[in-house]
Amino acid sequence: NTAVVLYTSDLRLHDHPPLRAALASCDRVVPLFVRDRAVERAGFAVPNRLAFLADCLADLDAGLRTRGGRLVLRSGEVVEEVCALVREAGAGEVHLAAGVSGYAQARERRLREALRAQGCALYTHEAVITAVAPGAVLPSGRGSDHFAVFTPYLRRWSELPPRRAAAAPRTVRVPEDIGSEEPPRRSAVTGTSPGLARGGECEARRLLTRWLSSGLARYEDTHDDLAADATSRLSPHLHFGTLSPVEAAQRARAAGGPGAEAFVRQLCWRDFHHQVLAARPEAATRDYRARDDRWRTGRDAEEEVQAWKDGRTGYPVVDAAMRQLRHEGWMHNRGRLLAAGFLAKTLYADWRTGARHFLDLLVDGDVANNQLNWQWVAGTGTDTRPNRVLNPVRQGLRHDPDGRYVHRWVPELAALPAPRVHEPWKLPAEERARYDYPEPLVDLTEAQARFREGRRGA
Ligand code: FAD
């Protein structure tokens with residue numbers, strides 16, 4: 001008997017419940033990935049993620065081949081493609097990670113119905129997309145369907161008995177007569193960021209191992225240091241599922257120490273946003289905290305938003321972060337906080353404009369974590385201090401004290417030492433003229449007053 005395993009955002013062999021279950025129940029298994037036309041139509045398939053995905057699929061195929069199998073690739077509407085493959089392979093069962101997002105849940109419902117009509121069973125398994133499934137911990141109050149505040153969520157999340165990651169299977173037998181499309185090639189994707197990271201499970205495992213041995217111990221002290229670049233850079237792998245978050249948490253805990261604790265806490269943030277979005281899918285596009293239209297619309301600040309996108313706001317640390325995003329398709333978390341805060345509060349523009357720009361470029365761009373972090377920063381989400389405003393000068397002085405991050409990404413200021421590099425407008429006119437760098441887009445004091453005024457009106 002034959003089973004189909006539908007891969008979605010879990011592009012790995014290790015710790016993969018659907019693949020394990022299919023192998024336990026059938027002697028032949030077809031691992032399938034469908035390039036989903038609906039995702040492409042929704043504008044979500046942007047060059048950086050498409051290129052990373054190409055690496056992930058090539059690596060998954062290679063991993064399956066070393067185990068005697070291979071990956072079958074199709075493109076089209078997922079439900080139609082799965083049903084067609086089930087007929088072709090004479091499969092009696094389909095295995096899939098249970099949908100976490102609203103989109104995945106709707107797809108699962110359609111798939112179940114269509115498969116039932118052709119006499120095939122659909123089995124869903126725990127989606128190890130998060131370390132703890134959304135909805136697995138709930139607040140005790142009656143009628144509460146999710147945690148709206150991080151700290152109590154973290155407490156309950158940490159109390160759960162940790163799940164253990166499962167090993168990769170040794171062999172996978174795929175029926176020979178099943179055709180596959182050619183895998184996409186990373187080099188065929190145009191418009192990618194020049195410094196884009198490499199995808200695939202092998203790369204994820206290599207990065208994790210290196211991170212645990214040489215980064216984790218210093219993480220607590222250095223994770224906010226922009227120039228040190230001392231975070232794991234595992235986010236795209238967690239997003240594409242080339243790394244199991246359960247395994248990342250398990251191995252970090254085994255390494256122990258304050259660095260491990262801080263790192264696992266970040267993994268919990270990821271789960272936190274997923275559980276908020278699972279309970280409030282509308283928070284992807286609408287304010288999580290209900291506000292009137294005046295706040296939600298934000299200001300019409302098209303030119304200023306364009307300067308922000310181009311990394312030409314005149315605030316060096318904001319510009320450095322925005323240029324890192326464009327160059328790498330990734331941005332340091334501290335950079336994301338201050339660049340997003342600058343758009344949403346200092347420019348007082350609609351957070352969704354900024355979130356869209358991030359999603360267009362981020363290789364780890366993820367609806368739950370991008371939209372809800374944006375809402376957190378904009379003060380429309382789960383931040384318990386929604387009116388605080390990050391000052392880009394103070395942020396620069398604090399998190400890039402010797403200016404190395406600005407020097408790296410804003411080369412026109414490379415000759416200007418810290419701390420002056422964070423406030424070039426204060427230079428004497430003659431010296432200022434030597435730097436081809438814009439004047440500040442807005443005055444911080446006025447911007448702060450405008451934001452507070454707007455917030456009062458909302
Ligand atoms: P590390 O510091 O090594 O952290 C380990 C892992 O924990 C990360 O890989 C990530 O999966 C998770 N994590 C860390 N910080 C957060 C956080 N604040 N929220 C949720 N998970 C976190 N992360 C995404 O994965 N996708 C996004 O689209 C995304 N958009 C963001 C937008 C904004 C405005 C902000 C402020 C943050 C966003 N983040 C997003 C969260 C965070 O910035 C990145 O996960 C992190 O920078 C990735 O780098 P790293 O893997 O080196 O993180």
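## The ligand and its shell

In this predicted model, 28 residues surround the ligand. The closest are Tyr 219, Thr 231, Ser 232, Arg 233 and Asn 333.

What kinds of residue make up the shell around the ligand? They divide into 13 nonpolar, 10 polar and five charged residues.

## Where the shell comes from

Four helices each supply at least two residues of the shell: α9 (235–240), α11 (258–279), α15 (333–346) and α17 (367–378). Which of the helices gives the largest share? That is α11, with six residues.

The shell can also be read by domain. Domain 2 covers 130–162 + 203–279, and domain 3 covers 293–457. Each of these two domains gives the shell at least three residues.

## Polar contacts and burial

At Arg 233, a backbone N or O atom lies 2.6 Å from a ligand oxygen. At Arg 336, the side chain takes part: one of its N or O atoms is 3.3 Å from an oxygen atom of the ligand. At Asn 370, an N or O atom of the side chain is 3.2 Å from a nitrogen atom of the ligand.

How much of the ligand does the protein bury? Taken alone, the ligand exposes 810 Å². The protein buries 98% of that.

## Arg 233 in its loop

Arg 233 sits in the loop between α8 (216–222) and α9. Its phi is positive, about 55°, although Arg 233 is not a glycine.

## A five-stranded sheet

The model also holds an open sheet of five strands. Their order is β3-β2-β1-β4-β5, and the pairing is parallel.

One pairing can be followed in detail. Strand β1 (residues 2–7) and strand β4 (residues 93–97) run in the parallel sense and pair over four bridges. Leu 6 has Leu 96 in β4 as its bridge partner.

## A cis peptide bond

Which form does the peptide bond from Ala 418 to Pro 419 take? This bond is cis, with omega near 0°. Pro 419 is placed in the loop between α19 (404–409) and α20 (429–432).

How values were computed: Residues are numbered from 1 along each chain as its sequence is written. This is a predicted model: local features need pLDDT of at least 70, side-chain atom pairs count only at pLDDT 80 or more; totals for chains, interfaces and linings use all residues. Side-chain values use heavy atoms; hydrogens and water are left out. A residue is near a molecule or strand if one of its heavy atoms lies within 4 Å of it. A polar contact is a pair of N or O atoms within 3.5 Å; within protein, one must be able to donate a hydrogen and the other to accept it, and residues adjacent in sequence count only if both atoms are side-chain atoms. Accessible areas come from the Shrake-Rupley method with a 1.4 Å probe; for residues, only the protein chains shown count as cover. Ala, Val, Leu, Ile, Met, Phe, Trp, Tyr, Cys and Pro count as nonpolar, Asp, Glu, Lys and Arg as charged, and the others, Gly among them, as polar. Domain bounds come from an automatic or database domain assignment. Two strands pair if DSSP finds at least two bridges between them.
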